[in-house]
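Take a moment to look over the sequence and the fold.

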Amino acid sequence: METVLRSYLSDNTAGASTEILDAVVRAADGLAAPYGNDGLSKEMTEQFGAVFEHAVDVFPVTTGSAANGLALAALTPPWGSILCHPDGHITTDEAGAPEFFTDGAKITLVDGPGSKIDPELLRAAVGRRRGDVHSVQPAVLSLTQVTETGSVYTLDELRELSAIAHGAGLRVHMDGARFANALVALGVTPAELTWRLGVDVLSFGATKNGAMTADAIVSFDPGLRTELAYRHKRGGQLTAKMRFQSAQLAAYLRDDLWLRNARQANAMARRLADGLPERADAAANILFCRFPVELSRALKERGFAFYDDRWEPGTVRLVTSFAHRTEDIDAFLTAVHELAPVVA
């Protein structure tokens, strides 16, 4: 009998896809050139090029923090500023890693509803104190997709923001820790969600969606190749046995595994949202809702795990993953409906 999955803390709590585990085992057989010079790493880069319909440079990394920090460092000088939303992952959950990797570039916050940057506020921000030697200079726009509160930028929204940034001479970075979830939520292609609307560099997430220890920096600008390569090494991310990360990323893309995993995660979030007593939105695989404190406590006593202590009392975040099944969601919903009247 399978155990019911009770954690909704993060999609990081899920394990790894069998296809990815099998690929790592195969990569362990025999000898291979180190530091990404192996055949598997080269094939993986070609896969990315085919998926994104564009020549790309791919730099595997072990964490999303490294992907964001190194990508931003290649896009801004130390006296530059990185424009992002107050809810952006790089300013709320990276413990200063972007500032560290960029040698001190400043993160400048640009607000907007639903954790999305407001275009008019961005227009003001990209021109603020330009050319003033006493001030950091706007250098890069960083967009979190899916956002930290579960919303998803539309193509039109991204296109407008990218055009504003490029028009002012800024580069565009996308923090895509949940890129696959956004992709299937919008029903678009990887090209349509990145370089075709102005993204220069993508932090490509895989760990949250089936990989073990592999994310990547994907650059659509060949002019950044040399700097990213040296920063990749200097940042401690040029691993000797890179073939094991490449094996994960290659298996992740092969036969649309990444898209199938993301569809499952998103579908489970929709099922969860539809079954909750209070209406909750689930654009991708993250949803926020309101639970009485007593209900949260009772659910945790039954073994369910989720965050309810990071925001105001009663605000709960639930995150689904590719590993969640219909029966897991239904068990949680059953508990909610059983306990809600008792603690009311």
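Phe100 is exposed, at a relative accessible area of 61%. Exposed stands for over 50% relative accessible area, buried for under 20%, and partly exposed for what lies in between, with a 1.4 Å probe and protein chains only. Phe101 is buried, at 17%. This is a predicted model, in which local features need pLDDT of at least 70 and side-chain atom pairs count only at pLDDT 80 or more, while totals for chains, interfaces and linings use all residues. Residues are numbered from 1 along each chain as its sequence is written, and side-chain values use heavy atoms, leaving out hydrogens and water.

The structure holds 16 aromatic pairs. Rings of Phe, Tyr and Trp (its six-membered ring) pair if their centres lie within 6.5 Å; planes under 30 degrees apart count as stacked, over 60 as edge-to-face, and the rest as tilted. Phe100 and Phe101 make an edge-to-face pair, with 5.3 Å from centre to centre and 75 degrees between the planes. Phe291 and Phe306 are also edge-to-face, because their planes stand at 90 degrees, with centres 6.3 Å apart. This pair links distant parts of the chain, 15 residues apart. Phe291 sits in the loop between β8 (286–290) and α12 (293–301), and Phe306 in the loop between α12 and β9 (315–319). Phe291 is buried at 5%. Phe306 is buried as well, at 3%. One aromatic cluster is formed by Phe48, Phe52, Phe179, Phe204, Phe220, Tyr252 and Trp258.

The protein has 13 helices and nine strands. Helices (H or I, at least four residues) and strands (E, at least two) are DSSP runs, numbered from the N terminus. Seven strands build an open sheet in the order β1-β7-β6-β5-β4-β2-β3, and the pairing is mixed. Two strands pair if DSSP finds at least two bridges between them. β1 (57–61) and β3 (106–109) are the edge strands, each pairing on one side only. On average, neighbouring strands of this sheet are turned by 25 degrees against each other, direction ignored. Helix α3 (residues 64–75) packs on the sheet and touches β1, β2 (80–84), β4 (137–144), β5 (171–176), β6 and β7. Its direction makes about 180 degrees with that of β5. Contact means heavy atoms within 4.5 Å. Axes are lines fitted to C-alpha atoms, for helices over the stretch in contact, and angles run from 0 to 180 degrees between N-to-C directions.

Which strands pair with β7? β1 does, in the antiparallel sense over five bridges. β6 (residues 201–204) also pairs with β7 (residues 215–219) in the antiparallel sense, over four bridges. Ile217 in β7 is the bridge partner of Phe59 and of Ser203. Val201 stands opposite Ser219 in β7. In a regular strand, side chains alternate between the two faces of the sheet. Both faces of β7 are covered: Asp215, Ile217 and Ser219 are buried on one side, Ala216 and Val218 on the other. Five of the five residues of β7 are buried, so the strand is largely enclosed by the rest of the structure.

Last, the whole protein. Of its 344 residues, 52% count as buried. Among contacts between residues at least 6 apart in sequence, 77% join residues at least 24 apart. The C-alpha atoms fill a box of roughly 60 × 55 × 30 Å, taken along the principal axes.
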